[in-house]
Each structure stands twice: as structure tokens, then as C-alpha cells.
Amino acid sequence: MLAINSVNTYRIPQKFEYYKPRDLREALELLNSIEDAKIVAGGTDLVVDLKYRRVVPKALIDVSELSELRFIRTDGNYIEIGSAVTMQELVESEIVKKSLPLLAEVVESIGSWQIRNLATIGGNICNASPAADSVPPLLTYDAELELASLNGPRTVSIEKFFTGPKKTVLERGEILRSIKIPLSQQKFGWSYVKIGRTSFDLAKVSVAVLLRAEDGIVSEVRIALGSVAPTPVRARTTEKSITGMSLERAAVRASELIVSEIAPIDDVRSTAWYRSRVAKILVRDAIWKAYERFLQVGDKNEDQV
Amino acid sequence: MRDFFKWVTKMKIKFKLNGVVTEVEVEPHETLLNVLRDKLKVKSVKYGCGVGECGSCTVLLNGKPVTSCLVLAAKVDGYEVVTPDYIAQTHVGKIIIDAMLEEGAIQCGYCTPGFLTTIYAAITKGIRNIEDVKRALIGNICRCTGYINVLKAVKKILSETK
Ligand SMILES: Cc1cc2nc3c(=O)[nH]c(=O)nc-3n(C[C@H](O)[C@H](O)[C@H](O)COP(=O)(O)OP(=O)(O)OC[C@H]3O[C@@H](n4cnc5c(N)ncnc54)[C@H](O)[C@@H]3O)c2cc1C
Ligand code: FES
Ligand code: FES
């Protein structure tokens with residue numbers, strides 16, 4: 001966190017209105033009728049931004065208690081997660097543990113217990129930080145985002161959702177309703193590796209991998225990275241190139257190719273040079289780790305993504 | 001439209017504070033930490049970093065530990081809040097404090113209410129494994145003790161609670 005002591009963080013140094021709508025429709029009507037209204041869910045990003053005056057909204061609309069955004073369900077084809085489900089609820093969800101082990105592992109490492117009890121998955125996505133930890137796993141899952149507005153719902157693939165740091169395709173009047181993850185009949189090995197100052201800190205570079213192999217040959221692989229570009233990145237070119245290769249070759253080749261798919265920057269947490277170097281190593285390690293997991297999972301977890 | 005939703009700039013919230021129904025007028029920009037300390041005079045809740053990183057402001061919100069510096073007071077309408085001064089009076093709370101004192105897990109004491117609250121939440125949730133308690137305490141920072149004595153205290157607490 002940048003210059004913690006340069007402002008007094010005890011109070012929020014600005015005024016705004018606060019609304020707690022009773023249902024999603026009311027939330028959407030409010031969002032439509034008030035110029036410069038901001039959605040607040042857990043507030044773990046937004047309240048910090050308010051304290052530092054990085055956002056100056058006229059009103060906050062609290063969606064954290066809306067039952068229409070607070071569910072985890074599955075119909076056998078999809079797992080759908082409401083946007084206001086908290087990280088700790090994901091950690092404790094049997095459905096997530098059983099069918100989305102990569103996501104389960106990642107959310108467990110987010111923030112602290114106190115933060116996970118507040119932080120929502122929708123907030124993590126909509127805040128659109130290139131370092132958001134839940135996003136690389138969701139990219140590898142080919143997650144779809146269900147957006148709600150008074151004009152009706154629309155679905156956007158998570159790969160198309162981010163347009164830059166703190167920027168998304170969300171239009172004025174839209175709320176992220178849920179995240180839909182298609183279930184695969186195939187079982188994958190998975191891994192998430194991240195380099196940060198501490199696990200509690202935001203990542204400098206992170207890599208998520210889902211992988212299947214047959215006789216030591218990569219049969220399907222999905223790779224996504226955080227903190228290496230203005231948005232989280234799905235490394236499609238690398239994935240295509242290494243499919244069909246032996247694990248040894250695939251890991252080396254991925255490490256070479258990955259630099260062409262990322263655009264890291266210098267910032268307070270790290271430098272572009274360091275991030276490129278680390279991304280190469282992490283991709284290699286993540287592929288091996290996913291392969292090891294693949295060998296371990298055996299024939300269990302049929303309906304795991 | 002506006003009348004229907006009530007334009008909220010000042011509002012009365014009603015919540016259970018340590019089991020007692022409490023009503024207080026808050027403004028939307030006030031955090032739970034602000035209201036607890038300044039309006040309700042609950043000084044056991046400490047302000048450290050103000051941005052969710054240190055855990056000294058930890059309270060239980062509907063039984064779950066949260067950083068009160070990031071919770072908008074207006075949200076808390078209808079919730080149950082438990083603060084460290086109340087926890088200190090409970091049976092488990094006393095065991096925690098005694099163990100922390102005996103093991104030297106307190107020096108300046110500023111972080112202690114937060115540790116007390118998170119450890120209490122972990123124990124009452126049935127977390128029995130030292131590694132799991134350690135993970136639960138990631139969000140509590142202590143500038144003085146270096147954590148070794150805190151962990152010694154946790155071991156003692158685990159052996160003295162069931
Ligand atoms: C101490 C600390 C540690 C942290 N550690 C991590 C970490 O390890 N990894 C990590 O990824 N993040 C971390 N974070 C960041 C933060 O906790 C997460 O990004 C969190 O998931 C945000 O969710 P929220 O519900 O609190 O969002 P909020 O702060 O409520 O909202 C964030 C943004 O999303 C918008 N928004 C929220 N919900 C919706 C919706 N349904 N529709 C449309 N817009 C919406 C809001 O308008 C706002 O712009 C940390 C934060 C703190 C304070
Ligand atoms: S003051 Fe709330 S976490 Fe530091
Ligand atoms: S005892 Fe001083 S901060 Fe922990």
C-alpha cells in the first residue's frame with residue numbers, strides 16, 4: 001500500500017449518500033437515477049479508495065446483502081456464483097472445493113480472514129486490478145459474467161471483460177450479477193503460483209494453469225497471468241503452441257513464448273524487467289505443478305473443471 | 001423515484017452491540033470503527049492502519065472477524081457486533097488473555113484487542129490446529145512481539161480450551 005501515513009486513514013474525508021436497496025431491481029433503478037453512484041459490496045477496495053479520495057462518488061449503493069447476488073449453485077453443466085458471495089464463503093463451499101479446486105486454493109490465499117469475510121468475488125473482478133487473484137483462475141475456467149441492467153441481462157466472457165487497469169466493459173447502469181463456470185467432463189491438473197513480497201501482499205506476477213496430459217504429452221492446457229499487463233491475460237498463443245508437446249518441451253517452450261503475450265510495467269511493487277524474468281520461470285513451474293496434480297487426481301472428481 | 005428510496009445523508013441504525021440493542025445516528029461516510037470509538041465510546045477497538053492491513057480494529061460482525069476500519073457504519077443496521085472489551089469478559093476470552101500475559105505475547109498492547117478477537121473467533125469456530133490458527137491470524141500485525149510468544153500463547157490456549 002502506497003504511503004500509508006501520508007493521509008489520515010481514520011476517516012473517509014468526503015461525503016456521499018448511502019443506499020441499501022432491498023432487491024436487485026431497486027439497486028438497478030438507483031444506479032440508473034443517480035449520476036456518479038458507485039456500487040459497494042465488501043468495501044475492501046472501495047473504502048480504501050474513498051479514504052485516499054481516488055474515487056469521489058455522489059452515492060454508494062450497497063449490494064452486499066442482495067439475495068439475488070448471494071448464492072452458489074450448480075446444474076451439472078455450470079457452476080454459478082453470485083457476485084456478492086464472499087471469499088470466505090467460497091473457501092468454505094463444498095461445491096467449490098469439489099469441482100473448482102484451483103479457485104478454492106486461490107481464494108484461500110486472498111488477504112486475511114478479516115478481509116475474506118468482507119471481500120466479494122464480484123468486487124475482486126469489477127475492481128479490475130491486473131493483480132486480482134481470482135481472475136487468472138476464472139480466465140482458465142472460461143468463466144462467463146452475467147451482467148444485469150434495466151435493459152435486461154447480457155453475458156460477457158471474462159476474457160473480454162477487462163479493458164485496462166480499473167477499466168471494464170461494464171456500462172453505466174450495469175451490475176455484475178453472477179459468474180458462470182462451465183463444467184468440463186475432463187479432469188485437469190491445476191496450479192497457481194504467485195510472487196509477492198508476502199502472500200498477504202498484492203502479487204507481482206501470478207500464473208494459473210489447468211492441464212491435461214496423455215502419456216506425458218500435453219493434450220489440453222490453459223494458462224492465465226496476473227500483474228503482467230494492463231489487464232489479466234489469457235496466454236492463448238502459448239497454449240496452442242505447446243499442446244501436443246512432451247511436458248519437458250512444453251514447459252521450456254512456454255517459458256520462451258510467454259514474454260510475447262505479456263506487457264509488464266514498472267510500478268511500486270516491481271519492474272517490467274523483473275516481471276518478465278519471473279513470468280518465464282513461474283509459467284514453467286506452474287506447468288510442472290499442474291502436471292503433478294494431474295497425475296495425483298487420478299480418476300477422482302469427474303465433474304471437476 | 002428519489003422519495004421512494006429515501007435520500008440518505010443521516011440515518012439511525014439499530015444493531016446489537018455485545019448483545020445489547022443499540023441505536024445511533026450515523027452518516028454514510030462514517031466507518032464502524034469511527035462510530036464505535038467516537039459515538040459509542042468503545043475504545044477497545046483500535047485504529048492502526050485504517051486500510052485493512054493490521055487487524056487492530058478487528059470486531060466480530062455477525063460472528064465473523066472483520067476489519068471495522070473498512071466497514072461502513074450504515075451497513076451495520078440489523079447486524080450483531082461484538083467488540084474486544086466484551087470478549088475479554090467471556091470464559092474463553094479470559095483464557096486467551098491469561099495465556100497471552102503468561103507467554104509475554106503482549107508488549108505495548110496496541111495489537112492485543114485485535115489478536116484477542118481473532119483468536120476468540122478461531123477457537124469458538126472450532127479451529128483446533130496451530131497451523132490453522134496461524135493462518136487465521138495472518139491479518140493481525142504486531143510491531144513488538146515478533147509473534148513467537150503469540151504462538152506460544154496460542155498453543156497454551158488450544159490446550160486449555162476444548
Ligand atoms: C488488506 C487487504 C488485502 C487484500 N489482499 C488481496 C489479495 O490477496 N488478492 C486480491 O486479489 N485482492 C486483495 N485485496 C483487494 C480486495 O480485498 C479484493 O479485490 C476484494 O475482492 C474486493 O471485493 P469487495 O467486495 O470488497 O469490493 P468493493 O470494494 O465493494 O468494490 C470494488 C469495486 O468493484 C465494484 N463492484 C463491486 N461489486 C460490484 C458488482 N456486483 N457489480 C458492479 N460493480 C461492482 C465497486 O463499485 C468498486 O469499484 C486486499 C485488500 C485489502 C484491504
Ligand atoms: S486499522 Fe483496520 S486493519 Fe488496521
Ligand atoms: S504488542 Fe505492540 S504491537 Fe503488538
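1. Let's start with a term: on a 1 Å grid over the protein atoms alone, a cavity is a set of points where a 1.4 Å probe fits but cannot get out, and its lining residues have an atom within 4 Å of a point. Grid points are joined across faces, edges and corners, and a volume is the space filled by probe spheres set on the points. With that in hand, searching the whole structure turns up 1 cavity of 30 Å³ or more. The largest cavity holds about 60 Å³ of space.

2. Before going on, some ground rules. This is a predicted model, where local features need pLDDT of at least 70 and side-chain atom pairs count only at pLDDT 80 or more, while totals for chains, interfaces and linings use all residues. Residues are numbered from 1 along each chain as its sequence is written, chains are lettered from A and ligands numbered from 1 in the order in which they are written, and side-chain values use heavy atoms, with hydrogens and water left out.

3. Who lines the largest cavity? Both chains turn up in the list: A:Val40, A:Ala41, A:Gly42, A:Gly43, A:Val47, A:Asp62 and A:Leu118 come from chain A, and B:Leu70, B:Val71, B:Leu72 and B:Lys75 from chain B. By type, the lining has 7 nonpolar, 2 polar and 2 charged residues. (Ala, Val, Leu, Ile, Met, Phe, Trp, Tyr, Cys and Pro count as nonpolar, Asp, Glu, Lys and Arg as charged, and the others, Gly among them, as polar.)

4. On confidence, the model scores ipTM 0.96 and pTM 0.95. Chain B has a mean pLDDT (the predictor's confidence in each residue, from 0 to 100) of 94, with 95% of its residues at 70 or more. Residues 1-5 of chain B are where to be careful: pLDDT is below 50 there, although the stretch has 11 contacts in the model beyond near neighbours in sequence. Contact here means heavy atoms within 4.5 Å.

5. Now the two chains together. Chain A puts 45 residues into the contact and chain B puts in 48. Between them they bury about 3800 Å², 60% of it on carbon and sulfur atoms. A:Tyr10, A:Trp113 and A:Gln114 supply 22% of the area that chain A buries against chain B, more than any other three residues. (Buried area is the accessible area, taken with a 1.4 Å probe, that two parts lose on being put together, summed over both.)

6. How many salt bridges are there between chain A and chain B? The count is 3, where a salt bridge is a side-chain nitrogen of Lys or Arg within 4 Å of a carboxyl oxygen of Asp or Glu. A:Lys15 and B:Glu27 form a salt bridge, at 2.8 Å from N to O.

7. Chain A splits into domain 1 (17-62), domain 2 (67-182) and domain 3 (189-297); such bounds come from an automatic or database domain assignment. In chain A, 23 residues of domain 2 touch 26 residues of domain 3. These two domains bury about 2000 Å², and 6 salt bridges are found across their interface. A:Glu105 also pairs with A:Arg293 in a salt bridge, with the closest N and O atoms 2.9 Å apart.

8. Chain B has domain 1 (9-83) and domain 2 (86-160), with C-alpha centres 21 Å apart. The area buried between them is about 1100 Å², 63% of it from carbon and sulfur atoms. B:Lys46, B:Thr58 and B:Leu60 supply 30% of what domain 1 buries against domain 2, more than any other three residues.

Conventions: On a 1 Å grid over the protein atoms alone, a cavity is a set of points where a 1.4 Å probe fits but cannot get out, and a pocket is an open set with protein on both sides within 12 Å along at least five of seven lines; lining residues have an atom within 4 Å of a point.
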